[in-house]
Amino acid sequence: MSSATAPMGEPGSGVRDNGADIHTTAGKLADLYRRNDEAVHAGSARAVEKQHARGKKTARERIDMLLDPGSFIELDELARHRSTNFGLEGNRPYGDGVVTGYGTIDGRPVCVFSQDVTVFGGALGEVYGEKIVKVMDLAIKTGRPIVGINEGGGARIQEGVVSLGLYGEIFIRNVRASGVVPQISLIMGANAGGHVYSPALTDFVVMVDQTSHMFITGPDVIKTVTGEDVGFEDLGGARTHNTKSGNAHYMGADEDDAIAYVKELLSYLPSNNLSDPPVFGGGEQADVTIAEQLTDTDRDLDTIIPDSPNQPYDMHEVITRVIDDGEFLEVHPMFAPNILVGFGRVEGHAVGIVANQPTQFAGCLDIDASEKAARFVRTCDAFNVPVLTFVDVPGFLPGTDQEWNGIIRRGAKLIYAYAEATVPKVTVITRKAYGGAYDVMGSKHLGADLNLAWPTAQIAVMGASGAANIVHRKTLAKAAESGADVEAMRRQLQQEYDDTLCNPYVAAERGYVDSVIPPSYTRGYVARSLRLLRDKRETMPPKKHGNIPL
């Protein structure tokens, strides 16, 4: 049938369903609008309703929540999969199941992709993968953070090995972008198989309580292969990955909370590794002495350390009194709670904070705490964020479980991270700093620039009780044989150890501690230290890369 005699709306007629001639400018414009509308409504109405019924948003709704209003520019809106794919003939929705593009968050440019579970169940195919690869390349070239909103069921079976190939293309770009631009993953639904590895390669992973899941193999496969009976939530839910595996860095109460966390997180990070983090408020007080700027909040620190070395206190109370406005954005708050990591600001400038938490395992370092802190220190170093460390650590957690599961290798990761970092590093020892844990927690020996200690600091190989029992065991044994008061002698020996070795002044005499300061002076000293170090320049010896003990 020729175009001259074809009925309106049929192929070859030259006329669209709205009656406009496709050969005219008006007709071509109308055709464009129609295609754009089809792209926006690529998922079926029923699929969208099901998504909303689960308490979840669609891909485009999530982008609207994340980006500044009106700032989103979409890429590849009209891309469609190749029609020769097995089992997909005749079903070629625009967009192919993922929305990609760029926009701004609080006025700062970012690249974004949002996977659309209403199209092919969110399964990744060739064009779907190509769209993500394209926007990731754009982020790397332009030095913009990339935020991925993830929800999908793995590789698209109908497209075979090409789906697997595109996963690989995405993974290699995650690696190339690592340390170049911030990468943040939002897990907004079920993510299975290959869908979980790209988020695992990014800097931060944010999940949503009850609606987010990540796993390599699902409950049905696990039950068939191993006989274990486990539900989706226990296997790979947000709480599981925030508390047990450590794969997630924050659990949002809902999608709005998760997206709000990402926005705040980005406010502490630069756009790329060649930029500095944004500066907010704050302001230097260069013409005011530390004593003159003391507040009641500062003075609270003078009484925060208990008289008993075995009594805990909450390190959050220290951190919030040192940073601007007490605003501490904690990262990994539910995982390895014996160490705290997160972001704050000092004089308006972003700073990464690492701190032992005496209320959990007395602040001991273990496998999870070591890896959590090491990863955070390396992230800060990659993106030019100074590291502020608060130390109250009695040592590494003892036990066969820790030894057999590699505390030596995993604890070494924290050593490596601090030693490798070239950003400004300031350390404050508030109380205990014993044994190898003293070295590991941002000591002068691992390259810290300025080390401060409170007069309550106890810097030694071990505590007074253990030291007295070991060093004076023969003396104590003889006293016991002679009928002397062994406990009184032990207390005296412990006091002598405290007075001569277990204090900050021996370290200060050797220059391992730069200043012993009143706790109330901490905010002022930290601010001046970071101000001094703002122009720090340090480089590592030339090499391809180090070999961190993974």
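I take buried to mean under 20% relative accessible area, exposed to mean over 50%, and partly exposed to lie in between, with a 1.4 Å probe and protein chains only. I count as helices the DSSP runs of H or I with at least four residues and as strands the runs of E with at least two, numbered from the N terminus.

**Source.** I note that this is a predicted model, in which local features need pLDDT of at least 70 and side-chain atom pairs count only at pLDDT 80 or more, while totals for chains, interfaces and linings use all residues. Residues are numbered from 1 along each chain as its sequence is written, and side-chain values use heavy atoms, with hydrogens and water left out.

**Overview.** I looked up the protein as a whole and found 21 helices and 16 strands. Of its 550 residues, 50% count as buried. The C-alpha atoms fill a box of roughly 120 × 65 × 45 Å along the principal axes.

**Helix H3.** I then turned to H3 (residues 59–66), where 6 of the 8 residues are buried, so this helix is largely enclosed by the rest of the structure. The buried residues of H3 are Ala59, Arg60, Arg62, Ile63, Met65 and Leu66.

**Strand S5.** I next examined S5 (residues 183–192), a mostly covered strand with 8 of its 10 residues buried. I looked up its pairings, where two strands pair if DSSP finds at least two bridges between them. S4 (residues 146–152) runs parallel to S5 and is joined to it by 6 bridges; within this pair, Val147 has Ile184 as its bridge partner. S6 (residues 204–208) also pairs with S5 in the parallel sense, over 4 bridges, and Ser185 stands opposite Val205 there.

**Helices H13 and H15.** Finally, I looked up H13 (residues 367–382) and H15 (residues 407–420), whose axes come within 8 Å and cross at roughly 20 degrees. H13 is therefore roughly parallel to H15, a term used for angles under 35 degrees. The axes are lines fitted to C-alpha atoms over the stretch in contact, and angles run from 0 to 180 degrees between N-to-C directions. The contact (heavy atoms within 4.5 Å) involves residues including Ile367 and Val377 of H13 and Leu414 and Tyr418 of H15.

Definitions and conventions:
Parallel < 35°, antiparallel > 145°, perpendicular 65-115°, else oblique.
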